[in-house]
Amino acid sequence: MNALVQVAAEEENPLIPPIPELVIGLIAFAIVFFFLAKKLLPNINRVLEERREAIEGGMEKAEATQAEAQQVLEDYRAQLADARHEAARLRQEAQEQGAALIAEMRAEGQRQREEIIAAGHSQIEADRKQAAQTLRQDVGRLATDLAGRIVGESLEDVARQSRTIDRFLDELETKAADGSKAEAGR
């Protein structure tokens, strides 16, 4: 019996499948493998390739967009720097124009002041001459009236009267001028 059990045990070895099952399993495996290799695997590869291209395209787009954004940022910074330089230049130019305008206005004010002073001096001189002339006439008339009362006659000769008065006043002015020079010398 021992030999029989051993032969039966050899026939029913669970590790070695029966040959017909092995052939059917290999054929089924080949059919599944063929189906996967011809139909499913190309679709899977195509989908994976599309995904890879989409990811790479997205990354390329992102890189291009980032490069474009960087360029725009650099352009913006350059424009900002140009605007700052232009603003500084305009500020400097405005300050220079303001300083020139102030200097011009001061010069104009100084010129007008001197014109006003000169006009005032000439007006004062004209008023002084007019006052001296009026005073001379009044003093002459009073002197003539006084002399006429003292002498007891009317001194009607206007030309002689005018010469006498002028000579008298000139002598007074000369004495006054000599006296002021003497005081200034002390």
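The legends below describe close-up views of a predicted model.

Residues are numbered from 1 along each chain as its sequence is written. In this predicted model, local features need pLDDT of at least 70 and side-chain atom pairs count only at pLDDT 80 or more, totals for chains, interfaces and linings use all residues, and side-chain values use heavy atoms, without hydrogens and water.

**View 1. Overall fold and confidence.** The protein has three helices and zero strands. Helices (H or I, at least four residues) and strands (E, at least two) are DSSP runs, numbered from the N terminus. The mean pLDDT, the predictor's confidence in each residue from 0 to 100, is 83 for the protein, and 84% of the residues score at least 70. Confidence is lowest in helix α1 (residues 2–11), with a mean of 57, and highest in α2, at 89. Where pLDDT is low, the predicted coordinates should not be read in detail. Of the 186 residues, 3% count as buried. Buried means under 20% relative accessible area, exposed over 50%, and partly exposed in between (1.4 Å probe, protein chains only).

View 2. The unreviewed UniProt entry lists residues 22–41 as "transmembrane region". Such annotations may be inferred rather than shown by experiment. The stretch is 100% helix and 0% strand, and its end C-alpha atoms are 26 Å apart.

**View 3. The aromatic pair.** A search of the whole structure finds one aromatic pair. F29 and F33 are stacked, at 6.2 Å centre to centre and 20 degrees between the planes. Rings of Phe, Tyr and Trp (its six-membered ring) pair if their centres lie within 6.5 Å; planes under 30 degrees apart count as stacked, over 60 as edge-to-face and the rest as tilted. Both F29 and F33 are exposed.

**View 4. A nonpolar surface patch.** V32, F35, L36, L40, L41, I44 and L48 make a patch of about 610 Å². Patch residues have over 30% relative accessible area and no salt bridge; like charges are joined within 9 Å, nonpolar side chains (Val, Leu, Ile, Met, Phe, Trp, Tyr) within 5 Å. Areas come from the Shrake-Rupley method with a 1.4 Å probe; for residues, only the protein chains shown count as cover. L41 is partly exposed because its relative accessibility is 43%.

View 5. A salt bridge puts a side-chain nitrogen of Lys or Arg within 4 Å of a carboxyl oxygen of Asp or Glu. R52 pairs with E49 at 2.1 Å and with E56 at 2.8 Å. E108 and R111 meet at 2.3 Å, N to O. E108 and R111 lie three residues apart in α2, about one turn. Shared partners join E49, R52 and E56 into one network.
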